[in-house]
Amino acid sequence: MTFTAATDRLAVAREIYATLGLYDPKRAPVDLDLTDNTNLWGMPPAAEATLRALAVSSVTRYPSLYASELKAALAEYMGVTPEMVVTGCGSDDILDSAMRAFGEPGELVAWSDPSFAMIPIFAQMNALRAQGVLERADHQPDVDALLALRAKVLYLCTPNNPTGAVMPREVIEHMLDASPGVVVVDEAYAEFAGTSVVELTHRHDRLLVVRTLSKAFGLAGLRLGYAVGAPALVAEVEKSRGPYKANAVAERVGVVALRDDRAWVAEHVALAVDARERLAAQLRAAGFRPLPSHANFVCVPVAQCVAVGQAMRARGVAVRPFPALPHVGDTLRMSVGPWPLVERMLGAFLEANREVNG
Ligand SMILES: *Cc1c(COP(=O)(O)O)cnc(C)c1O
């Protein structure tokens, strides 16, 4: 488990927080960190120039209440109107706010398991019940079992973290039609897949498509996430989110990235896709069976993944182990980046695997 519960119980603390800990992905500093799927090519150039030129005065005042300029830039990028966009302090903030906006305490959040590790945590933070439904062996959601839960919030992630699988649009539409609650579709990796269900937000008023500038846009440290949905749906998330969540520096830099850096982003998405396919091919050539991925990472079944991960760390390289991934077993998730880095990671992996598994 990546969450450690506090040992002492404070008498005034909420009951449901008793088993809630702080997020600890065990990310000790390492020379080459391929654990978090951020953009290893760096930040886009116009965004960087804007950041370097920012005047001190731009941080002495509050940012805009609900990031109106950023919403306009995001709306333009996504092909929707600004009333259909809500921003947050990372998409984590959007997911948290959405659960709080739509779930009464005790109501159910359901998701296809495995998926983003934060989902049950955000549910617990908001006093909601959380239930994962084991995905099928083909890494697609068990639609009937998910729908049978009648969850107030249904979370789907496509391409999914950690498998890299994409859900067909028909499956998402079917779940929208047949579920009673809000359907949250996390598209953190959509740029790498080249597909999105965002246009369904024009027809489905319970669909919230969640995106981020942390991955393809290379701005994870700025903490800028956003979601697209029908105006009335987005308005509820915005109430729950509260004012001033996109800070002034992030808003300025994010707006410029969305306006002037799209060619850089597209170019580096293409490089990431190339690196992903090249890595998968080399893993297959070495006798491994990586899962087909549509994101900027590759998930590969490896016996004793935790020990192999540690042996890689000893070589200055970190990837993320997923012990006993359903239907797959022990697995390593490897982010891709510039090919020389991926090549170094692959070398460390093959050595570490030989050391551990013989
Ligand atoms: C990385 C990631 C995010 C992005 O989180 P931010 O808070 O926007 O940095 C969201 N969802 C998934 C599935 C992710 O892997």
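Definition for the first entry: I count a polar contact as a pair of N or O atoms within 3.5 Å; within protein, one must be able to donate a hydrogen and the other to accept it. I note also that the model is predicted.

Entry 1, helix 9. I looked at the N-terminal end and found that asparagine 247 caps it, with a side-chain oxygen 3.0 Å from the backbone nitrogen of valine 249. I then checked the length. Helix 9 covers residues 248-260, and its 13 residues should span 18 Å at 1.5 Å a residue; the end C-alpha atoms are 18 Å apart, which agrees.

I listed its buried residues as Ala248, Ala250, Glu251, Val253, Gly254, Val255, Val256, Ala257 and Leu258. What covers these residues? I found helix 1 (45-53), helix 2 (68-78), strand 10 (224-228) and helix 10 (262-285) among the covering elements.

I found 14 residues around the ligand, the closest being Ser91, Tyr189, Thr212, Ser214 and Lys215. By class, the shell holds 5 nonpolar, 5 polar and 4 charged residues.

I recorded a backbone N or O atom of serine 91 at 2.6 Å from a ligand oxygen, and one of aspartate 92 at 3.0 Å from a ligand oxygen. For lysine 215, a polar side-chain atom lies 3.3 Å from an oxygen atom of the ligand. The protein covers 93% of the 390 Å² of accessible area that the ligand has on its own. Helix 3 (90-102) and strand 7 (153-157) are the elements that give two or more residues to the shell; the largest share, 3 residues, comes from helix 3.

Definitions and conventions. Residues are numbered from 1 along each chain as its sequence is written. This is a predicted model: local features need pLDDT of at least 70, side-chain atom pairs count only at pLDDT 80 or more; totals for chains, interfaces and linings use all residues. Side-chain values use heavy atoms; hydrogens and water are left out. Helices (H or I, at least four residues) and strands (E, at least two) are DSSP runs, numbered from the N terminus. The expected span of a helix is 1.5 Å times one less than its number of residues. Buried means under 20% relative accessible area, exposed over 50%, partly exposed in between (1.4 Å probe, protein chains only). Contact means heavy atoms within 4.5 Å. A residue is near a molecule or strand if one of its heavy atoms lies within 4 Å of it. Accessible areas come from the Shrake-Rupley method with a 1.4 Å probe; for residues, only the protein chains shown count as cover. Ala, Val, Leu, Ile, Met, Phe, Trp, Tyr, Cys and Pro count as nonpolar, Asp, Glu, Lys and Arg as charged, and the others, Gly among them, as polar.
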